[in-house]
Amino acid sequence: MKRKLFLLTAFTLLFSYKAEAHFMLLKPSTDIVEGNRATNIEIEARFTHPMEGGPNMPFKPVKSGVFINGVKKPIKWEKHYIQAEKGSSKKVPYYTAEVKLKRPGVYQFYLVPDYYFEPAEEKFIRQITKVEVEAFGMEEGWDRPIGLKAEIVPITRPFGLWEGNTFVGRVFFNGKPAPNARVEVEYLNTKGVKVPADPFITQVIKTDKNGYFYYTIPWAGWWGFSAIGYGGKRKYKDGKVYPVELDAVMWVKAYPKPEGVR
Ligand SMILES: [Cu+2]
């Protein structure tokens, strides 16, 4: 009887376990602003599972801002609500902000969310997230770290990317390169793309001994990179202490191949 129960439990565990990659999404309405006049862009922040299109999880921004030519400016978020899941009556917050770009340069947006407790994994998750926007033809500064506790510093220029380009990033935790770190990659699935099996939902790569990772973007769209790190321990409201997963997330946009090329 006991053995049977054990087998049943093992079976249930085996067949219900699915690696779930959470992603803090930080998505500007564009990665490149051209022209010669001040332009508003919109930034959206959502805590989600990008490839599967959900569920969405609750969060709130604790710190955020935009660095432009070494100067930091605040971001004013507006709170909205969306369904946690299709068919669910539960609503969770997400945020948008209008940002006016006035001067040429690379705008590095970042967001630090509050700690999210994930009961299924018995840990907290905090994903420090950034995205870059190039404005009015001045490209300098895209490779400059902005001093986040967990940060992906792009080695490939993170705007004006084609599908099929290889994105190279370097992961830093507490200002030090992170060797052998797991980096999860997901497509922001706005097109209802279907995957042939679960491992396709999240692509997984590792950083080398100097903290570099490489990923060839297979098709156009927004792609998120999440380097998984450790951020100590923290007490939950149940009185117990749980580990904190402290991740560095970065988003880049790849453009489709031009017409007439293969
Ligand atoms: Cu989740």
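Modeller: Let us begin with Lys 79, which has its place in strand 6, strands being DSSP runs of E with at least two residues and numbered from the N terminus. This is a predicted model, in which local features need pLDDT of at least 70 and side-chain atom pairs count only at pLDDT 80 or more, while totals for chains, interfaces and linings use all residues. Residues are numbered from 1 along each chain as its sequence is written, and side-chain values use heavy atoms, with hydrogens and water left out.

Biologist: Why does Lys 79 count as partly exposed?

Modeller: Its relative accessibility is 47%, and since buried means under 20% relative accessible area and exposed over 50%, with partly exposed in between (1.4 Å probe, protein chains only), Lys 79 takes the label partly exposed.

Biologist: Which residues does Lys 79 touch, not counting residues up to four places away in sequence?

Modeller: Lys 79 touches Pro 93, Tyr 94 and Tyr 95, where contact means heavy atoms within 4.5 Å. The C-alpha atoms of Lys 79 and Tyr 95 are separated by 4.6 Å, although the two residues are 16 residues apart along the chain.

Biologist: How do you know that strand 6 pairs with strand 7?

Modeller: Two strands pair if DSSP finds at least two bridges between them, and six bridges join strand 6 to strand 7 (residues 91-101), with the two running antiparallel.

Biologist: What makes strand 1 and strand 6 edge strands?

Modeller: They belong to an open sheet of four strands, with the order 1-3-7-6 and antiparallel pairing. Strand 1 (23-28) and strand 6 (78-83) each have a single partner strand, so one side of each is left without a neighbour in the sheet. From one strand to the next, the twist averages 25 degrees.

Biologist: Which residues touch the most other members of the largest nonpolar core?

Modeller: Trp 77, Leu 101 and Phe 109 do, out of 33 residues in that core; such a core is a set of buried Ala, Val, Leu, Ile, Met, Phe, Trp, Tyr and Cys residues joined through side-chain atoms within 4.5 Å. Strand 1, strand 3 (39-48), strand 4 (61-68), strand 7, strand 8 (105-113), strand 10 (123-135) and strand 20 (241-255) each supply at least two residues of this core. A second, separate core of 31 residues includes Tyr 110, Val 112, Phe 213 and Val 252.

Biologist: Why is strand 8 called largely enclosed?

Modeller: Nine of the nine residues of strand 8 are buried, so the strand is largely enclosed by the rest of the structure. Strand 8 pairs in the antiparallel sense with strand 4 over seven bridges, and with strand 10 over seven bridges. Ile 68 stands opposite Tyr 107 in strand 8, while Leu 111 stands opposite Thr 129 in strand 10.

Biologist: Why is the pair of Tyr 187 and Trp 223 called tilted?

Modeller: The structure holds 19 aromatic pairs, and rings of Phe, Tyr and Trp (its six-membered ring) pair if their centres lie within 6.5 Å, planes under 30 degrees apart counting as stacked, over 60 as edge-to-face and the rest as tilted. The rings of Tyr 187 and Trp 223 have their centres 5.3 Å apart and their planes at 45 degrees, so this pair is tilted. Tyr 187 lies in strand 15 (residues 182-187) and Trp 223 in strand 18 (residues 221-227), so the pair ties together parts that are 36 residues apart in sequence. Tyr 187 counts as buried at 2% relative accessibility, and Trp 223 is buried with a relative accessible area of 2%.

Biologist: How many bridges pair strand 15 with strand 18?

Modeller: There are five, in the antiparallel sense, and Val 185 stands opposite Phe 225 in strand 18. Five of the six residues of strand 15 are buried, so this strand is largely enclosed by the rest of the structure.

Biologist: What places the charged end of Arg 126 over the ring of Tyr 115?

Modeller: A charge sits over a ring if NZ of Lys or CZ of Arg is within 6 Å of the ring centre and within 35 degrees of the ring normal. The charged end of Arg 126 sits over the Tyr 115 ring at 3.9 Å from its centre, and Lys 253 lies over the face of Tyr 255, at 4.3 Å from the ring centre.

Terms used. Axes fitted to C-alpha atoms, helices over the stretch in contact; angles between N-to-C directions.
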